[in-house]
Amino acid sequence: MARRFFACLLFAAVILGAFCATAAADETDSWYEYSEAMAGSGATWSFPDVDVGEWFYDDVMALASSGVIGGFPDGTFRPGGTVTTGQALKMVLLAVGYAEPAPVASHWARGYLDLALEEGILQRGEITDLDVSISRQLLATVAARAMQAERTSERYSFSDAQNDDVQALADCGIIGGYTDGTFRPNNSLTRAELSAIVHRILTHRQLSGAEADPNQIELRTTETGVEFIKAREGFTATAYWDYSQYSIGYGTRCEKNEYPGGITTEQADVLLRLKLQQIEATLDAFLEQNGVELNDAQYDALVSFTYNVGATWMNPSYRLSSLLAEGDYTDNELACAVGIWCHVTIDGKAVIHNSLINRRMLELKLFLYGDYTGKDSPDFCYLIHMTDKGSVEVDVAMYEKGSFYDPLFDASCDGDVFVGWATEYGDVITPDTVVTENLTVYALWQSENPDMVAPVYDGGDEGWRGGWYDGEDGGND
């Protein structure tokens with residue numbers, strides 16, 4: 001991560017090396033000028049008005065350290081200060097990769113405007129005054145056209161900006177909105193906002209130039225399997241906290257600041273495939289060691305499962321690992337072994353997550369029935385186990401709808417005897433109960449239910465028996 005980060009800074013310094021001071025620039029307003037003295041000096045910048053934890057902190061510090069921007073004579077950066085059209089035009093064009101144009105006597109930024117007009121980035125009349133504050137909408141228009149960015153999403157991200165240029169920048173992670181879902185296109189652009197956009201453009205270029213060719217990443221996972229994973233993960237252009245790690249793109253693990261400018265769907269696809277390549281190496285070793293052969297759908301299902309939960313399940317101490325190694329299991333045994341992997345950690349505690357329950361069920365359908373859609377195969381139901389004392393053998397299990405609750409798990413408590421499970425309505429669940437719906441069941445204990453006996457397997461036609469006994473008519477099984 002550090003290597004990539006500093007490479008980005010070096011790249012910024014090289015690309016924006018043309019940010020020399022212009023004769024027309026006021027020395028008190030040259031924060032946007034490239035500083036030869038600071039570029040590559042290794043000096044540590046500190047602005048009293050740019051605090052750690054501010055959303056723009058990393059962007060400003062990265063550009064300041066590479067000499068792209070500086071502060072004012074009093075040492076401040078003034079992140080909330082507005083940016084002129086000329087300043088923004090210069091920084092965006094150079095960040096995208098255009099060479100510095102020849103100066104024009106009429107205005108220090110006129111050369112940049114002429115360049116934008118010549119390249120078709122702007123039409124005559126779109127900018128008439130280089131010294132007025134630039135709006136967020138106009139900046140988005142300049143940046144999107146200069147980058148030749150196109151929108152990739154079907155919907156607009158912001159409630160007040162139904163604009164393709166704005167959406168194109170949002171899709172590639174260059175811009176973001178406010179917490180209320182707005183973009184506020186008519187607002188003036190601030191120094192903090194421009195710094196973030198310039199830094200993200202630079203990083204976007206660096207990533208685009210270095211990304212691998214997805215066609216050269218060899219996978220056993222089928223293309224349908226890759227799309228299956230993408231559909232489960234969804235796409236996020238910028239890093240986010242995913243319960244136990246920072247993730248980006250299609251759920252690929254990253255460092256918090258590893259991709260400060262975000263990534264595109266194409267880059268996320270590469271990151272995903274590179275990660276799947278690593279997963280396949282681990283999975284292939286497990287399969288070879290245990291002599292397990294899988295068809296394509298089964299392989300894709302385990303790759304998706306491992307991508308989501310990690311490779312810990314391959315440890316022989318886990319039930320799924322031993323079942324696959326033995327090769328002799330029922331659909332429900334496999335479902336229960338897969339179903340336990342649906343937790344997230346919140347405040348240090350493992351919590352069952354509904355979306356992970358749904359994902360496990362889809363992966364089961366893929367593994368058992370080759371169903372990538374999740375629509376054309378039998379449904380599964382979950383059984384959540386609760387107890388007010390002691391502990392449960394597993395807290396969640398999964399079963400094919402229409403089958404029986406077999407295997408059925410236990411609970412335990414020192415000084416008491418576990419005698420079965422019941423719903424909140426008192427319906428007892430035994431191994432010969434038919435699975436019809438998702439249920440939460442509660443442990444029953446001998447001390448609290450003296451007339452209840454635990455289910456016992458008699459074998460033969462009798463099978464399992466057990467249930468509530470009222471002492472009069474023998475109860476019901």
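Visitor: Where is Gln-148 found?
Guide: In this predicted model, Gln-148 is found in the loop between H5 and H6.

Visitor: And what is its phi like?
Guide: The phi of Gln-148 is near 55°, which is a positive value in a residue other than glycine. Most residues other than glycine have a negative phi.

Visitor: Buried or exposed, that Gln-148?
Guide: Gln-148 has a relative accessibility of 69%, and because the cut-off for exposed is over 50%, Gln-148 counts as exposed.

Visitor: Which residues make the contact?
Guide: From H5 the contact is made by Gln-137, Ala-140, Thr-141, Ala-143, Ala-144, Arg-145 and Met-147, while H6 contributes Asp-165, Val-166 and Leu-169. Sorted by class, the contact has six nonpolar, two polar and two charged residues.

Visitor: What about the largest nonpolar core, who touches the most other members?
Guide: Of the 59 residues in that core, the ones touching the most other members are Ile-69, Leu-89, Leu-122, Ile-175, Leu-194 and Ile-201. H5 and H6 are among the elements that give two or more residues to this core, and helix H7 (191-210) is another. Apart from it lies another core, of 48 residues, including Leu-272 and Ile-357.

Visitor: New topic: where is Glu-363, and what is it in contact with?
Guide: Glu-363 has its place in helix H13, residues 354-369, and, leaving aside neighbours within four places in sequence, Glu-363 is in contact with Phe-228, Ala-301, Ser-304 and Phe-305.

Visitor: Why does Glu-363 count as buried?
Guide: Because its relative accessible area is 3%, and buried means under 20%.

Visitor: Which elements do the buried residues of H8 pack against?
Guide: The buried residues of H8, one of which is Phe-228, pack against helix H9 (265-290), helix H10 (296-309) and H13. Just after H8, Gly-234 takes a positive phi of about 75°.

Visitor: Last one, which residues does a cis peptide bond join?
Guide: The cis peptide bond joins Asp-406 and Pro-407, with omega about 10°, and Pro-407 has its place in the loop between strand S8 (396-400) and strand S9 (411-412).

Note on methods. Residues are numbered from 1 along each chain as its sequence is written. This is a predicted model: local features need pLDDT of at least 70, side-chain atom pairs count only at pLDDT 80 or more; totals for chains, interfaces and linings use all residues. Side-chain values use heavy atoms; hydrogens and water are left out. Contact means heavy atoms within 4.5 Å. Helices (H or I, at least four residues) and strands (E, at least two) are DSSP runs, numbered from the N terminus. Ala, Val, Leu, Ile, Met, Phe, Trp, Tyr, Cys and Pro count as nonpolar, Asp, Glu, Lys and Arg as charged, and the others, Gly among them, as polar. A nonpolar core is a set of buried Ala, Val, Leu, Ile, Met, Phe, Trp, Tyr and Cys residues joined through side-chain atoms within 4.5 Å. Buried means under 20% relative accessible area, exposed over 50%, partly exposed in between (1.4 Å probe, protein chains only).
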